[in-house]
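Please open the model in a viewer and keep the selection panel at hand.

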Amino acid sequence: MAVVTLGAHILDVLARPVPGVPAGQDTVPGEPDTVGGPGTVVVDEIRATAAGSAAGTAVALARLGNDVVSVGAIGDDDLGDLLVAIMTRNGVDVRGLVRRTAAQTAASILPIGPDGRRGGRPILHAPGANLTLTAGAVGPGLLGAARLVHLGGPDVTSGLNDPAFFAMLAAARETGTVVTMDVLSTVPGLLAGAAAFLPHVDHFLPNEAQAAAMTGEDDPEKAAGALLAQGPATVVVTLGGDGSLVATRAAGGPEVRRLPALPVDVVDTTGCGDAYCAGFVTGLAHGRDVLESARWGAAAAATVAQGLGSDACLTGLDDVLRMLK
Ligand SMILES: Nc1ncnc2c1ncn2[C@@H]1O[C@H](COP(=O)(O)OP(=O)(O)OP(=O)(O)O)[C@@H](O)[C@H]1O
Ligand SMILES: [Mg+2]
């Protein structure tokens, strides 16, 4: 087994285009063509996807040709069955998922605007079983047997913030396992908890808002430098449509290189960060250096931006790499 994804598992339900969410039984003034009757917005498509920084990244990794085992906690409910079915159909090994009876499967409802951006739109989110994940759910020897371990959202799966889990990570790294990490929220209190994982991480990939919240530095280069000082060899800060920056430690201070976003017709940027991580990890798995791996990440993310949902348009590694030519 090559890659273990570990952390947040969320079922996303997305709709597009949603020009406005009507208030109750009211119609949207000035939007007669998109309203199907009192309180109804007629949309082109509605999808359900496996999402969250572990599940979404696991599906993208599988699409890119990796063997993936995903570890997390979901509910023993219909949403959980659907999440398992989607992941299994995509070739992800779901034997690392534990099912909880006392908590629902985490889920989000996402209305996507006509411009493809979620800014200004509500997200309805139930954190559910992600909050119940603990180190006990991680099978013995699993991390050490993996070439790469991706921690997806330890800010929300805060039960992993446990010396027993850090000991597992340390033991795995001693036998050559490489650890990557992304975070899910922008909540300062949750992100403060995620900082405890940084000494056990090789490559950390937050977005700009998360890097700022974790460091108090609004400048992403300064934020990356502050995060590098906490342990990782590489910090990649994703900047949405402005691309990303790759910061590595060097003798005279952090070396920072910028990568542009690839020009694409954007439908929905949900899951672009997860796809970026999947492309990056795939690059590492193919022996590429961090800068080239980040290019693979940008190409996977630009692919996903062209359709609805975190797995959109992601057909395979060859198609993703063709974007870089
Ligand atoms: N409009 C866009 N056009 C092309 N590429 C984009 C666009 N938006 C994002 N990307 C790519 O996706 C990467 C990740 O995006 P972003 O910084 O928004 O991640 P994120 O906030 O973690 O997203 P999410 O949490 O929804 O997965 C960017 O670095 C960029 O390469
Ligand atoms: Mg993200």
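In what follows, a residue counts as near a molecule if its C-beta atom, placed from the backbone, lies within 6 Å of it. The model is a predicted one.

**Stop 1: ligand 1.** Select ligand 1 and display its shell, which holds 22 residues. The closest are Thr238, Ala261, Cys272, Gly273 and Ala301. Two elements give two or more residues to this shell: helix H8 (272-285) and helix H9 (290-304). The largest contribution comes from H8, with 4 residues. Colouring the shell by class shows 11 nonpolar, 10 polar and 1 charged residues.

**Stop 2: Ala301.** Next, select Ala301, one of the residues closest to ligand 1; it is placed in helix H9. For Gly279, the separation is 22 residues in sequence and 7.8 Å in space, C-alpha to C-alpha.

**Stop 3: H8 against H9.** Now show both helices together. Two packed helices are described by the angle between their axes and the distance between the axes. For H8 and H9, the angle is about 145° and the axes are 7 Å apart. The crossing of H8 past H9 is right-handed. On the H8 side, the residues that meet H9 include Cys272, Tyr276, Phe280 and Leu284; on the H9 side, those that meet H8 include Glu292, Trp296, Ala300 and Val304. By class, the residues of this contact comprise 14 nonpolar, 6 polar and 1 charged.

**Stop 4: the nonpolar core.** Move to Ala300, which, with Met87, has the most contacts inside the largest nonpolar core, a set of 96 residues. H9 gives the most to this core, with 9 residues. Not counting residues up to four places away in sequence, Ala300 touches Ala60, Leu64, Ala275, Tyr276, Ala278, Gly279, Leu314 and Val320.

**Stop 5: helix H6.** Finally, select residues 208-215, which form helix H6. Of its 8 residues, 7 are buried, so H6 is largely enclosed by the rest of the structure. The buried residues are Glu208, Gln210, Ala211, Ala212, Ala213, Met214 and Thr215. Against which elements do they pack? Their partners are helix H5 (188-194), helix H7 (220-228) and strand S13 (234-238). Just after H6, inspect Gly216, where phi is positive, at about 75°.

Technical notes
Residues are numbered from 1 along each chain as its sequence is written. Chains are lettered from A and ligands numbered from 1 in the order in which they are written. This is a predicted model: local features need pLDDT of at least 70, side-chain atom pairs count only at pLDDT 80 or more; totals for chains, interfaces and linings use all residues. Ala, Val, Leu, Ile, Met, Phe, Trp, Tyr, Cys and Pro count as nonpolar, Asp, Glu, Lys and Arg as charged, and the others, Gly among them, as polar. A residue is buried if 20 or more other C-beta atoms lie within 10 Å of its own, exposed if 12 or fewer, and partly exposed in between; C-beta atoms are placed from the backbone. Two residues are in contact if their C-beta atoms, placed from the backbone, lie within 7 Å. A nonpolar core is a set of buried Ala, Val, Leu, Ile, Met, Phe, Trp, Tyr and Cys residues joined through C-beta atoms within 7 Å. Axes are lines fitted to C-alpha atoms, for helices over the stretch in contact, and angles run from 0 to 180 degrees between N-to-C directions. A crossing is left-handed if the near helix is turned anticlockwise from the far one by less than a right angle, and right-handed if clockwise.
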